Amino acid sequence: MTVATRVRRAARIARVARVAARAGLRERLANKGDFALAIVNGVTYQITVLLFATVVFTRFPALAGWTVGQVLLVSSVRLLAHSLFVLGFTNLREIPYLIRQGRFDSFLVRPAPVFLQVCTSRFPLNAVGDLAVAATSLGVCLSMLRWDWTIARVCFLVLAVVSGAVLELALALCAAGIVLRRPGSEALFSWLDTVIGTFGNYPLNVFPAVLRAAFTFVVPVAFVAFYPVAKVLGKAQSVPYGPALTLVAPVVAVAWLGVGGWAWRVGLRSYRRRGW
Amino acid sequence: MTTRVHRLARIAPLAECMRGTRLATTGFVVATQVLLYAELWRALYAHTASVAGLDVRQAVTYSTLAALATTARTMRGATGESVKTRILDGSIAYWFLRPVSARRYRAWYGVGEALYSSAWVVGGLALGLGLGLVAPPASAAVAAVSAVSFGLGLVVLYCLTVLIDIAAFWTVSTDGVTRCYEFVQSLLSGALIPLWFFPGWLGGVAAGLPFAAGVSTPISLYAGRIRLADAVPALAGQAGWCLALAMVTALGWRRAGRRLVVLGG
Amino acid sequence: MTAIDVSEVSKRFRGRGPLIRRWRATPPETVALDRVSLGIDSGEFVGLLGRNGAGKSTLIRVMTGLMVPDAGQVRVLGLDPNRDQVRNARNIGVTFGQRTQLWWDLRARDSFEILRDMHGLPATTYAGRMRELDDVLGLSGFWDTQARHLSLGQRVRCDLAAALLHRPRVLFLDEPTIGLDILVNDQVRAMLADLARTGDHAIVLTTHDVADVEALCPRIVLIDHGKTLFDGTLADLTRIGARRRTVVVELAAGKGPPSRIPDARLLELDGARATYALEPGVSQADFAARLLAADEVRAIDFDGVRLEDVLRSIYAGDRSLLSAP
């Protein structure tokens, strides 16, 4: 394939995505109740998260030598990454429903990538709520940290958020691949959500060795926020498995994306072959 | 001709068992959840000797069981019988064309669902006990009382779930409502944070709402946060919620029937 | 005995506009049913026909109690299908061809057993019914398959069985033969015809497959714009259509068209082929005899009067057929 055709193809796909996303958004806005609830959800979720944080920090002061503001930065980066992921790709979780409705099968025969059609099948209104939470929590924690802003720091944080989102996408793709190959395993999606949501918020140091290893080498939860944030906070020396890990989050994200892409393709192929 | 409606309770467990993958996934999720949460709370409590009158072991027991109870309930996927999925695939009409009313059908299905998820809770509890992560109940009486309380809690949670599910008759998608309910429930039931950690006003709110009766009460009884002497008022409170919610749910179904008439199935 | 009694039933829908516009304009109303009356006796097999959006599905929904009409009333075996939903459910069987009532994760047989429990059928009765249904629908080949793995045809057959399991005295079949191959379709038709012949079932069939209606339904109700356009026998409807009988005559080589044939009008002449329209009341045999006597033709091809053609011209707006005596 020449560069020109690749570019043209990418442009066409982008156009399809834009049109589909806009149609999805219009559809969601047509329902007043849904729209209102998306905002209510943001607020409720916000209360839950902030309350959880308050409880943890007031009751358990010693979090491996991390201050409240510092731990909050871990959660904020994770939340931002999560809301980016939700904005673009949360519909992967809807695949079992799409299959049930027969919509997924119609995606297979249309001339656009199935992944794109799944992601644009519905506009993720709740991303609005998630973004609101993330922004608030980031604001609170930055006011607590009183930082000197340097370009390097900002760039590093942005990179951390992006690679966190990519990691979440990669893991969701793995789950989607498994779901396509072995229907009935859709509980993996919510499992991923809870594991990242619950365990990605803390400094890895607080966990026993088994979990540290698991969250670094098996399910890369710690790379979503903890490792890069430790670097930004100047705590690189204290992380498990050496300071080098604080720099490699983007590499880990890309590697996992490769795995996720492979899992997705394998899953899709076996779904097609079985044909249902 | 007598209907044998109680046999409808078979549906949910049977459907789950038809798929090996589903059983395997559920087992995986339950097992990892027990291990991960026990470790998390152990780590958090590591430097705190006693929390609100509970020792570390009791506190970890509470938190782990709370996580377990919540996970086991959310195992149903896209194929569970709910108003939401039936409206999505357009077959809700059949619920109203059978000699068992939609309400009774959903209730018996819910019984099966509750039994199935309870089996997983028991399994997860056994795993936790075996690995020494969860403390055994203090006495046989505590075990019995918390089992009863757990049963009442299931009824409360069933009613709440059905109320949310019925909302699908009015809203195009219940995702918003469901998500909202999940937050509120996980927060106010004490599944996420033990209720006694709440600031006073929120503790009051949580105590006045039915969510705590679903999760917090049985686990508090088990872990010893509610003493055996105080069990009777706790159980009475749960029973009261069961009754009140059952009535609201019945009302909800009546309205839903009328709503269906407008939509035409 | 009257099984289904629909009297003066009307139903209108209010359209729901988009969010912004809803405050400004009153949403448009569509009339789905306009004072429809219909009586169906036990033993009758009625084909309910109409274009998309004509009001067929609304009528089915009203008759099954899923929808309450704005005006008028419905009785099915003496019961109000909406208010007595549960009791009524014992009397009726319903299939919506597009939607399945099988439990998605369970084997088809499990679904039948659940329905058996709901209807409280004794084990022996159930076994007998299943055997009968298996004979006709060939279910045993796939009833151990989970519903989600069934092919469309298999699923439709299971759904039919699910609707017939409790031997309902009133049957509503909405597109029941969708996705069936010719052989199975024939078997299903034969089974439905058998049911109808027992004389104590009232069956209402809506379908777009006109052949089903021709094969099965002695009585036809035609609905359009929420009104009953025609209610009579299949024979009546085709007789109406027969006013438009045409004959194609292939002329012998070198001959022109017969200059004048009584009782027929020349419609079209294409080389050696001429198309005539017969006047009403003229038998095909007389016409043929006259032509052949003149020894001018090589072949005569009478177009049979097909229901499809009648419907096509009615749907296309040719109401003259119905209003003519």
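User: What share of the contacts in chain B with a separation of 6 or more comes from residues 24 or more positions apart, and what makes two residues count as being in contact?

Analyst: Two residues are in contact if their C-beta atoms, placed from the backbone, lie within 7 Å, and by that test residues 24 or more positions apart account for 77% of the contacts in chain B with a separation of 6 or more. This is a predicted model, in which local features need pLDDT of at least 70 and side-chain atom pairs count only at pLDDT 80 or more, while totals for chains, interfaces and linings use all residues. Residues are numbered from 1 along each chain as its sequence is written, and chains are lettered from A and ligands numbered from 1 in the order in which they are written.

User: How do you know that the radius of gyration of chain B agrees with that of a compact globule?

Analyst: The radius of gyration is taken over C-alpha atoms, and the globule rule is 2.2 Å times the number of residues to the power 0.38. For 265 residues a compact globule would have a value near 18 Å, and chain B has 19 Å, which agrees. Along its principal axes, the C-alpha trace of chain B spans about 60 × 45 × 35 Å.

User: Which elements make up chain B, and what makes a stretch of residues a helix or a strand?

Analyst: Helices (H or I, at least four residues) and strands (E, at least two) are DSSP runs numbered from the N terminus. Chain B has 11 helices and two strands, whereas chain A has 13 helices and zero strands. The radius of gyration of chain A is 20 Å, close to the 19 Å from the globule rule for 276 residues, so chain A is as compact as a globular protein of that length.

User: How do you know that strand 3 of chain C is mostly covered?

Analyst: A residue is buried if 20 or more other C-beta atoms, placed from the backbone, lie within 10 Å of its own, exposed if 12 or fewer do, and partly exposed in between. In strand 3 of chain C, residues 45-50, six of six residues are buried. Phe45(C), Gly47(C) and Leu49(C) lie on one side, and Val46(C), Leu48(C) and Gly50(C) on the other.

User: Which strands are joined to strand 3 of chain C, and what makes two strands pair?

Analyst: Two strands pair if DSSP finds at least two bridges between them. Strand 3 of chain C has four bridges to strand 7 (residues 202-206), which runs parallel to it, and Leu48(C) has Thr206(C) as its bridge partner there. Five bridges join strand 3 of chain C to strand 8 (residues 219-224), also in parallel, with Arg219(C) as the partner of Val46(C).

User: What makes a set of residues a nonpolar core, and how many residues has the largest one?

Analyst: Such a core is a set of buried Ala, Val, Leu, Ile, Met, Phe, Trp, Tyr and Cys residues joined through C-beta atoms within 7 Å. The largest has 237 residues, and those with the most contacts inside it are Val229(A), Val156(B), Ala161(C) and Ile203(C). Its largest share, 16 residues, comes from helix 8 (residues 151-181) of chain A. Apart from it lies another core, of seven residues, among them Tyr276(C) and Phe287(C).

User: Why are the buried residues of helix 10 of chain C said to line one face?

Analyst: In helix 10 (residues 307-315) of chain C, the residues Val310(C), Leu311(C) and Ile314(C) are buried. The arc is that of the directions from the helix axis to the C-beta atoms, and the buried residues of helix 10 of chain C fall within an arc of 95°, so they line one face of the helix.
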